[in-house]
Structures are given as structure tokens and as C-alpha cells.
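Hi everyone, thanks for coming. Let me walk you through one model today, starting from the ligand and ending at the domain boundary.

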Amino acid sequence: MTEKDMGKTRKGVVYVNAGNEVLTCIRERRSARRYTNEQISPEQLDALLDAAIWAPSGGNNQSWLFTVIQKKDILLKLNEIVIEAFQHWIPDDDYPGKLGMKEHSRRDGYNFYYNAPTLIIASNRPNYENAMADCSLALENIFLAARSLGLGSCYINQLHWLRGDPVVREYLFEFGIPKEHTICSSAAIGFAAAESTAPARKDGAIRIIR
Ligand SMILES: Cc1cc2nc3c(=O)[nH]c(=O)nc-3n(C[C@H](O)[C@H](O)[C@H](O)COP(=O)(O)O)c2cc1C
């Protein structure tokens, strides 16, 4: 049995995940940022969406909406709209990644969903405190299901950041995303064209009081 199989990644900590497919899948899921052009099958898409809607939701609200875009020309148009929106977007806090992303979007060839063939946009009803939590749990189900099916996936935040942009909202409205919905986030899905390495786990994240 290899060290990876034993699940030894934290200093001095071994937990037994050998042979447990769910725990192995959680461990081995990675964010993919390069994709092949191959589209996922309708059956694979169904499986991902089924995983999404079986996530827990606050008060069993299930008020989420998962909008899937697989048409390349629509995705490319959305990318153009996102690039344009970034130019006049003012981040509402000093999270460094936001300014970096704004800068990045000016570069040639920028594509916010990494040219993945499928984008799943998770939105939720307005004035609902658990909107982000519910959609995030559903997205993690999607990511894990994707991994289990041999697909790559990545959390894509740009549409959340630009959720207040009227041009972005107008375009998303064409595909049935209500303008009052909060855009929680989205998932890029496809066949990964490159392996991503696992970032090391930081110390200090866990405290157990017995
Ligand atoms: C809330 C949140 C937002 C994220 N936004 C993006 C994003 O916009 N683009 C991206 O490439 N990755 C995004 N990620 C993925 C993280 O960068 C990634 O999970 C982290 O680097 C760890 O790598 P791993 O997913 O391979 O374990 C996001 C992840 C989370 C949880």
C-alpha cells in the first residue's frame, strides 16, 4: 500500500481511506485549468446535475437554479462580455485576487472558464441568506461527481463578482437566469488536458477538543 493510499498527508496523521471511493475522490479532486475540446456526454451531464440537486439546502429550500451552457459561440460571447465588464468593474473589497483577475482579463486570449466545453452556472433566489452555502454545497457535489466520472472541473468566480453588471445580467437573462437571482458561482467542466498538482495542506486548520 502506498503512502497516498494510506491517506497520509498531514504531519504525523494517518487516516484510513484505503479502498473508500468517496474519501479517495475527495482527496484526488483538483481544479482543472486546461481542457480538451471534447464535450462531455449527456449522461455525464445528467449525473453531475443529479449530484447537484441532491446536495443539502437550508430548510430544504432547493431554491437554486443550475443553468448549463454548452454552446461554444454563447460561451465565447459571454467571455467577451465578461472581459468588457471587468474593465469598468470596481471590486467592493480589497481581496487581492479580484484586482489580479481584473488585470489578467486584459491579456490576449483570456478566457474566464478556461475554454471548458461546459459551464454550469449556479444561481439562487434573492434575499436568501443561505444562497451561497446551498449553491456551494451543490457545486462541490458536481466537482466530486465529475472527478468520479473522470472529468475535470473548476470553480469559476467571475460571474459572481460581475453579478451586478447590467450587460452580464441581460445576457444571462436570455438563457433564463432571472435578473433578481444572485449568481453564486459556476463550474467549468470537461476533460482535463493537464494534471493539476495538489497544493499542500496548511497547518493549523484543525483543532480537536476531547
Ligand atoms: C470560493 C472559491 C472561488 C474560486 N474561484 C476560482 C476562480 O475564479 N478561478 C479558478 O481558476 N479557480 C478558482 N477556485 C479554485 C481554487 O483556486 C482552488 O480550489 C485552490 O487553488 C485549491 O486547488 P484544488 O482545487 O486543486 O485543490 C475557487 C475556489 C473557491 C472555493
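First, a term: I call it a polar contact when a pair of N or O atoms lies within 3.5 Å; within protein, one must be able to donate a hydrogen and the other to accept it, and residues adjacent in sequence count only if both atoms are side-chain atoms. Please keep in mind that this is a predicted model, where local features need pLDDT of at least 70, side-chain atom pairs count only at pLDDT 80 or more, and totals for chains, interfaces and linings use all residues. Residues are numbered from 1 along each chain as its sequence is written, and side-chain values use heavy atoms, with hydrogens and water left out.

So, which residue has a polar side-chain atom 3.3 Å from an oxygen atom of the ligand? That is Gln158. Ser31 also points a polar side-chain atom at a ligand oxygen, at 2.6 Å. Tyr155 uses a backbone N or O atom instead, 3.3 Å from a ligand nitrogen. On its own the ligand has 620 Å² of accessible area, and the protein covers 63% of that (Shrake-Rupley method, 1.4 Å probe; for residues, only the protein chains shown count as cover).

Now the domains, whose bounds come from an automatic or database assignment. Domain 1 is 1–30 and domain 2 is 31–190. Their centres, over C-alpha atoms, are 29 Å apart.

Arg147 and Glu28 form a salt bridge, with their closest N and O atoms 3.3 Å apart.

Definitions and conventions
A salt bridge is a side-chain nitrogen of Lys or Arg within 4 Å of a carboxyl oxygen of Asp or Glu.
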